[in-house]
Amino acid sequence: MTRKYFGTDGIRGKVGEPPITADFLLKLGWAAGKAFADEKHDFVLVGKDTRISGYMFESALEAGLTAAGVDTHLLGPMPTPGIAYLTRTLRARAGIVISASHNPYYDNGVKFFSVQGTKLPDDIEEKIEAYIDSPMTTVDSSKLGKAKRLEDAAGRYIEFCKASIPTRYDFSGMKIVVDCAHGATYHIAPHVFSEVGAEVIVIGAEPNGLNINDECGATKPDKLVATVLAHQADIGIALDGDGDRLIMVDHKGDIVDGDELIYIIAKSRLDVGQLTGPVVGTLMTNLGMEHGLKRLGINLLRAKVGDRYVLEMLSEHKGILGGENSGHIICLDRTTTGDGIIAALQIMAEMHDSGKNLHELKSGMQKYPQVLVNVRTSKKVNPDTNEAIQKTVRAVEAKLGNKGRVLLRASGTEPLIRVMVEGEHADLVENYAHQLADDVKKAIDA
């Protein structure tokens with residue numbers, strides 16, 4: 001079924017423009033309540049990040065759920081993975097997250113978790129969409145839902161994060177900088193890392209509703225780099241606005257991305273005999289990670305871009321570790337979804353056990369230079385079936401051999417063809433990428 005409202009990660013857009021409006025969120029809350037009405041659990045959790053529109057949308061969802069006869073437990077600001085965890089442990093009907101993740105404050109969105117703390121099954125999403133397009137009704141007053149705040153939500157999640165590593169770990173003597181992106185981890189991440197013994201310097205933890213992800217966090221780690229160097233810290237930890245992404249910085253100020261972090265965790269799990277199944281990346285995963293894992297005897301599978309597809313492939317192949325270079329890192333042996341805080345703790349544990357710093361740990365894999373060029377199109381084009389484009393792709397692939405890779409991907413949201421080339425030599429990769437982009441443009445214009 002083609003989704004009318006749901007994308008790969010819920011519903012997202014600019015605040016005030018359909019579907020991210022108060023009236024739509026009211027209807028969405030009601031539709032979700034109706035869809036969950038035949039479930040045996042008796043309440044839904046609603047959490048949000050720190051963007052200003054969260055107040056409005058929290059109230060709208062609460063009203064819609066109440067009208068459908070469903071009770072609501074409000075969590076307030078809470079990381080997306082924290083909502084997944086609480087949905088599972090509290091046995092809620094579902095968890096609803098009001099967040100646009102790494103996007104600016106003027107965007108927002110809604111995504112759902114099932115009672116298992118995973119993405120909603122397709123049939124439930126389809127049921128919600130069907131209700132959205134039907135007339136809204138209100139249950140009898142005697143059956144209206146009620147709402148209350150869950151006061152200890154943050155404390156529960158802090159303890160869960162700490163429990164993702166054994167209690168024998170004491171990070172006394174480790175100095176870390178934590179950038180909370182002025183987002184949902186602002187009142188959680190500093191406590192987690194200080195309570196496991198680290199000396200914590202906090203930045204990006206003063207949300208005002210408008211500064212979430214603003215020149216900070218996992219998508220903009222420049223401030224983190226500067227702070228790590230200024231304080232001579234051992235590592236820097238950058239989370240995004242809803243806490244499901246992690247980018248790190250080593251003591252030299254070098255940025256360590258999701259691919260490198262997944263490689264470190266994979267090797268760590270392998271060394272202690274705890275890695276099962278393949279590691280799952282995406283079409284954008286760096287070839288250097290694939291080669292690094294191969295040297296360790298670990299197979300890498302590539303899913304479509306999006307943590308939903310990574311999770312599906314992990315489940316299908318019984319893997320426990322996967323993610324994206326953007327910093328979505330999924331450790332299924334610890335939790336059910338991507339979690340920046342938990343992933344960072346796994347890296348810190350490996351630093352502790354190996355006696356190596358982060359710079360040394362990432363050196364096991366060498367990232368290949370990767371160049372991405374966006375080609376704007378006036379019409380929809382499938383690069384996989386265009387013979388002129390494929391002829392150029394084959395020519396570049398032949399020059400790269402097994403030391404490089406070409407990927408052409410049509411954007412799902414914009415009239416763009418994304419041209420990606422990676423290989424050993426930066427200058428060649430740059431030239432090939434722009435040559436290929438020019439040929440793609442010519443083929444489209446023709």
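Reader: Over the ring of which residue does the charged end of K48 sit?

Author: This model is predicted. The charged end of K48 sits over the ring of Y55, at 4.1 Å from the ring centre. A further case is K304, whose charged end sits over the ring of Y309, 4.4 Å from its centre.

Reader: Which residues form one aromatic cluster?

Author: F6, F36 and F112 together form one such cluster.

Reader: Is D49 buried or exposed?

Author: The reading rests on relative accessible area, where under 20% means buried and over 50% means exposed. D49 has 2% relative accessibility and therefore counts as buried. Its place is in the loop between β2 (43–48) and α2 (54–67).

Reader: Which side chains does a polar contact join to that of D49?

Author: The side chain of D49 makes a polar contact of 2.9 Å with that of R51 and another, of 2.8 Å, with that of S99. Leaving out residues up to four places away in sequence, D49 touches I98, S99, A100, S101, A184, I212 and G241.

Reader: Where is K356 placed, and which residues does K356 touch?

Author: K356 lies in the loop between α11 (340–354) and α12 (358–362). At 42% relative accessibility, K356 counts as partly exposed. Not counting residues up to four places away in sequence, K356 touches M351 and L361.

Reader: Why is helix α5 said to be largely enclosed by the rest of the structure?

Author: In helix α5 (residues 153–162), seven of the ten residues are buried, so the helix is largely enclosed by the rest of the structure. The buried residues of α5 are A153, A154, Y157, I158, F160, C161 and K162. They pack against β3 (71–77), α3 (80–89), α6 (189–195) and α11.

Reader: Which residues have the most contacts inside the largest nonpolar core?

Author: In soluble globular proteins, nonpolar side chains tend to be buried together. Here the largest nonpolar core has 65 residues, and those with the most contacts inside it are F193, I237, I341 and M348. Helix α11 provides the largest share of this core, nine residues. Apart from this core lies another, of 31 residues, including L28, A32, L65 and I98.

Reader: With which residues is M348 in contact?

Author: With neighbours within four places in sequence left aside, M348 is in contact with F171, M174, I176, F193, A198, I235 and I237.

Reader: Which residues other than glycine have a positive phi?

Author: Backbone angles are read residue by residue. H182, which is not a glycine, has a positive phi of about 50°. H182 is in the loop between β7 and α6 and counts as buried, at 14% relative accessibility. E215, also a residue other than glycine, has a positive phi near 55°. E215 lies in the loop between β8 and α7 (222–231), and its 46% relative accessibility makes it partly exposed.

Reader: Which residues does a cis peptide bond join?

Author: The angle to read here is omega. A cis peptide bond joins P18 and P19, with omega at about 5°. P19 is in the loop between β1 (11–14) and α1 (22–35).

Methods. Residues are numbered from 1 along each chain as its sequence is written. This is a predicted model: local features need pLDDT of at least 70, side-chain atom pairs count only at pLDDT 80 or more; totals for chains, interfaces and linings use all residues. Side-chain values use heavy atoms; hydrogens and water are left out. Helices (H or I, at least four residues) and strands (E, at least two) are DSSP runs, numbered from the N terminus. Buried means under 20% relative accessible area, exposed over 50%, partly exposed in between (1.4 Å probe, protein chains only). Contact means heavy atoms within 4.5 Å. A polar contact is a pair of N or O atoms within 3.5 Å; within protein, one must be able to donate a hydrogen and the other to accept it, and residues adjacent in sequence count only if both atoms are side-chain atoms. Rings of Phe, Tyr and Trp (its six-membered ring) pair if their centres lie within 6.5 Å; planes under 30 degrees apart count as stacked, over 60 as edge-to-face and the rest as tilted. A charge sits over a ring if NZ of Lys or CZ of Arg is within 6 Å of the ring centre and within 35 degrees of the ring normal. A nonpolar core is a set of buried Ala, Val, Leu, Ile, Met, Phe, Trp, Tyr and Cys residues joined through side-chain atoms within 4.5 Å.
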